[in-house]
Structure formats: C-alpha cells, structure tokens
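Work through the exercises below with the sequence and coordinates open. Each task is followed by a stepwise solution.

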Amino acid sequence: MSAAAVVTTGGLTKRYGNVIAVADLDLEVRQGEIYAFLGRNGAGKTTTIRMLLGLIRPDAGEVRIFGHQVRLDQPSWLRRVGSLVETATAYPNLTVRENLELQRRLTGAPAVAVARVIEQLGLSAAADRRAGQLSLGNKQRLALARALVAAPELLVLDEPANGLDPAGIVEIRELLRSLADDLGTTVFISSHILVEVAHLADRIGIVHNGRLVEELDRAALVAAARAFSAEQLTEQQRADALLTLELERYFLARTDGSVQ
Ligand SMILES: Nc1ncnc2c1ncn2[C@@H]1O[C@H](COP(=O)(O)OP(=O)(O)OP(=O)(O)O)[C@@H](O)[C@H]1O
Ligand SMILES: [Mg+2]
C-alpha cells in the first residue's frame, strides 16, 4: 500500500428493525484518492456516510478517520473533514456570503476562505442572494462551498451532483479532481449514477443491500465497461447512447456561459 489510509471501516453494520441498511462493510480509502460509493436508492450510501461522520452510531464495527476511531466526545478530527449529507441545509434568511462567513468562523478558517469558495463554486453572481431563494443547483453549490471553507483534508460528499445541471456536474468533477491532484485532498463521494463518477473516481465501490459487492479501480472499470458493452449492447442501444452523447454536447454548446 503506497498512501496512508484516511478512511477505514471494519465490519461496519447498521440495522433499522428488520432492514440491514449496512452489512459488515470493510472499506479503505487512501490519501489523495477519489473513492466513489455507487449504489441504487436504498443501497445504504447515506447510512454509511452518516456513520463515517459520527452522525449515527453503528450497531457493530468501527470507523477510523486519519487512523483515529470516530468518537463524538473527541471531535478534533472533524475540523479536518468537509461534508455534505443528503438534503443540504443553510440559513435561508442569510445570504450565500453570510452563510459561508458563519461556516468560516465556526471552523476557524482564514478570512480569505469565503472569497475562495465563492470563486471555486461559481457563486459570485449569487453571493448576495438569500440562501432560501436560490435555485436547487445553487443551493447544492452553496452546500459544497460550505464543505470546502476550511480546506479539509477529507471530503465526504453524499450525492453532491443532486440538482446540478450537466455543465455543473462537469465543473464539480473538475474541482474535485484538482483538489485531489493539487492539494492531496481525499474524496469519498456517493452516487446512484455511474456516469457521474465513472470519469472522476480512482476507485468505485459498488454497494447493494448494504453490502460491498465489488471494488473497481480505473483500469478494471474501463475493462469491465468494454467487456460488458461488447457482449450486451444491441445496435439500438449503441445508437441511443451515441445520440444522448451528441445531444448533450449540442446542449452544452448552445448554453455555454457562466451560471447565474
Ligand atoms: N432512519 C431510518 N429508519 C429506518 N430505516 C432507514 C433509516 N434510514 C435508512 N433506512 C433504510 O436503510 C436502507 C438504506 O438507506 P440509505 O438512506 O442509506 O440508502 P441510500 O443508498 O442513501 O439511498 P438513496 O440513493 O435513495 O439516497 C433503506 O432500506 C432505508 O429505508
Ligand atoms: Mg442517500
């Protein structure tokens, strides 16, 4: 193993009544890696992320972040983690800038951090608007900006692409890539849409019914996609995929410009 493990789980398990939301999950995410946690609705992604962040207690197993056991009575590790979990919340009557300023003070980040994240998330035009009046996509950008204010070493993002348009998804993908490449930020990101993470992740863990079904690195992902499409795709599906791709490029070209 080359890089240090930033997130480790061992035998992580959570039940809700008869439902096993997360079952005996062993994960290891290394420093500077972008790890995508991919699964269908109800697979156990949010439950896992809540346990990673210490928001809920596992029934069994443990989580280590930066090598330390996650304990809420000793939350020093939290300062090094930026997170976004499911429905993002901000103070609706405060502006984007005020929300970010509040987050900056809470985390002890330097004064320049607010301007930096406004720029990083393309929120300049919306900076003085109230958070409650933002479009869904800009709410999500604000949530991401809050996660980034303290320049965390680890980002834990639950479906960060929710509400973003295709151009926004590409922007966020590039932002996360540059954080990982330039600053060595470790990223744990969940998604239920493969294409969102296929071009971003260094590794993808597929979760189903709370279990880790498979882990694929980039090479394995490309090989699996090639082998699968060669065997399984009909001519019609190939044509449909191509059309979708071309239409998306056309749409992006016709709507090129900054987000308001
Ligand atoms: N607080 C809760 N009480 C009861 N059951 C829950 C609770 N939270 C999650 N579950 C159940 O645990 C399972 C996993 O849910 P979870 O929210 O982790 O899935 P998910 O992968 O995040 O799905 P989605 O893609 O829809 O966000 C589901 O069957 C869900 O109904
Ligand atoms: Mg979820």
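Helices (H or I, at least four residues) and strands (E, at least two) are DSSP runs, numbered from the N terminus. This is a predicted model: local features need pLDDT of at least 70, side-chain atom pairs count only at pLDDT 80 or more, and totals for chains, interfaces and linings use all residues. Residues are numbered from 1 along each chain as its sequence is written, with chains lettered from A and ligands numbered from 1 in the order in which they are written.

**Exercise 1.** Find the buried residues of helix α3 (residues 113-120) and say why they lie on the same side.

Solution. Step 1: the buried residues are Ala-113, Val-114, Val-117 and Ile-118. Step 2: they cover an arc of only 135° around the axis, so they share one side of α3. The arc is that of the directions from the helix axis to the C-beta atoms. Step 3: their cover includes α2 (96-107) and α4 (136-148).

**Exercise 2.** Which element gives the most to the shell around ligand 1?

Solution. Step 1: the residues surrounding ligand 1 include Lys-45, Thr-46, Thr-47 and His-192 (near means a C-beta atom, placed from the backbone, within 6 Å). Step 2: β2 (19-30) and α1 (45-52) each give two or more residues. Step 3: α1 gives the most, with three.

Notes: Buried ≥ 20, exposed ≤ 12 C-beta atoms within 10 Å, placed from the backbone. Contact = placed C-beta atoms within 7 Å.
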